[in-house]
Amino acid sequence: MAFFDPADLSRDNDDRATARLATAEPGLPWEAKNQAAVHTWYPRRFGGPPVTSFRSIAEAVATWPEYATAVAIHLDPDNHLALCAPHGLDDLLDGVWRRNPTRASEQASHERLARLQPARRWPRVRVITSPPAGRKGRCGANATDPPSQTATEATS
């Protein structure tokens, strides 16, 4: 579960959010990550240059490692579900595993591919190693707004 809380970048915030989710639905393997805090741990965990802080959950989702995983839902101000898919839904709906070059280097992507083996786990998934040009998607009403909200990452 991804959420965005720029007021508290601590690991304890992640742990509290994870505990709240586990209390609400104990049978699921929850892990909550504050996307506002990614810049504090990303280079240490994954290597690479420093990461700038995100201004919104939409900005964070746009950097997730594959286009098919860069998809989230959140509650809008009227308590309706809203989609955040900055690179569109084509890869997700077409069963395509493709690197999002926004943050994932080719090396990191190959390591992730070897570790997760998506085509083995999901035989109908097509792995494509080159990203397409000009991805266009959407995030709620206005992808440029920096709302504080919760999103669910589409991974497993």
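In which helix is E59 found? The residue E59 belongs to helix α3, which covers residues 57-61, where helices (H or I, at least four residues) and strands (E, at least two) are DSSP runs numbered from the N terminus. The model is a predicted one, in which local features need pLDDT of at least 70 and side-chain atom pairs count only at pLDDT 80 or more, whereas totals for chains, interfaces and linings use all residues. Residues are numbered from 1 along each chain as its sequence is written, and side-chain values use heavy atoms, with hydrogens and water left out.

The chain contains 6 helices and 8 strands, and from the N terminus on these elements follow the order β-α-β-α-α-β-β-α-β-α-α-β-β-β. Of the 156 residues in the chain, 35% are buried, a class defined by a relative accessible area under 20%, with exposed meaning over 50% and partly exposed in between (1.4 Å probe, protein chains only). Among the contacts with a separation of 6 or more, 65% join residues 24 or more positions apart, contact being taken as heavy atoms within 4.5 Å.

Helix α1 comprises 14 residues (residues 11-24), which at 1.5 Å a residue should span 20 Å, and the separation of 20 Å between its end C-alpha atoms agrees with this; the expected span is 1.5 Å times one less than the number of residues. Within α1, the residues N13, D14, A17 and L21 are buried. Seen down the axis of α1, these buried residues fall within an arc of 100°, so they line one face of the helix, the arc being that of the directions from the helix axis to the C-beta atoms. An α-helix has 3.6 residues a turn, so residues three or four places apart point the same way. The buried residues of α1 pack against β1 (2-3) and β2 (33-34).

In helix α2 (residues 38-46), the buried residues are V38, W41 and Y42. They cover an arc of only 115° around the axis, which puts them on the same side of α2, and the buried residues of α2 pack against β2. Just after α2, the residue G47 adopts a positive phi of about 80°.

With a relative accessible area of 24%, E59 is partly exposed, and, leaving aside neighbours within four places in sequence, E59 is in contact with S53 and F54. The C-alpha atoms of E59 and P86 are separated by 8.3 Å, although these residues are 27 residues apart along the chain. L81, in strand β4 (residues 81-85), counts as exposed at 64% relative accessibility, and it touches I73, H74 and L75 when residues up to four places away in sequence are not counted.

A search of the whole structure finds 1 cavity of 30 Å³ or more, a cavity being a set of points, on a 1 Å grid over the protein atoms alone, where a 1.4 Å probe fits but cannot get out. The largest cavity has a volume of about 80 Å³, this being the space filled by probe spheres set on the points, which are joined across faces, edges and corners. Its lining, made up of residues with an atom within 4 Å of a point, consists of W97, R98, R99, E106, S109, H110, L113, V127, I128 and T129. At least two lining residues come from each of β5 (96-98), α5 (106-116) and β6 (126-128), and α5 supplies the largest share, 4 residues. By class, the lining has 4 nonpolar, 3 polar and 3 charged residues, where Ala, Val, Leu, Ile, Met, Phe, Trp, Tyr, Cys and Pro count as nonpolar, Asp, Glu, Lys and Arg as charged, and the others, Gly among them, as polar.

Terms used: On a 1 Å grid over the protein atoms alone, a cavity is a set of points where a 1.4 Å probe fits but cannot get out, and a pocket is an open set with protein on both sides within 12 Å along at least five of seven lines; lining residues have an atom within 4 Å of a point.
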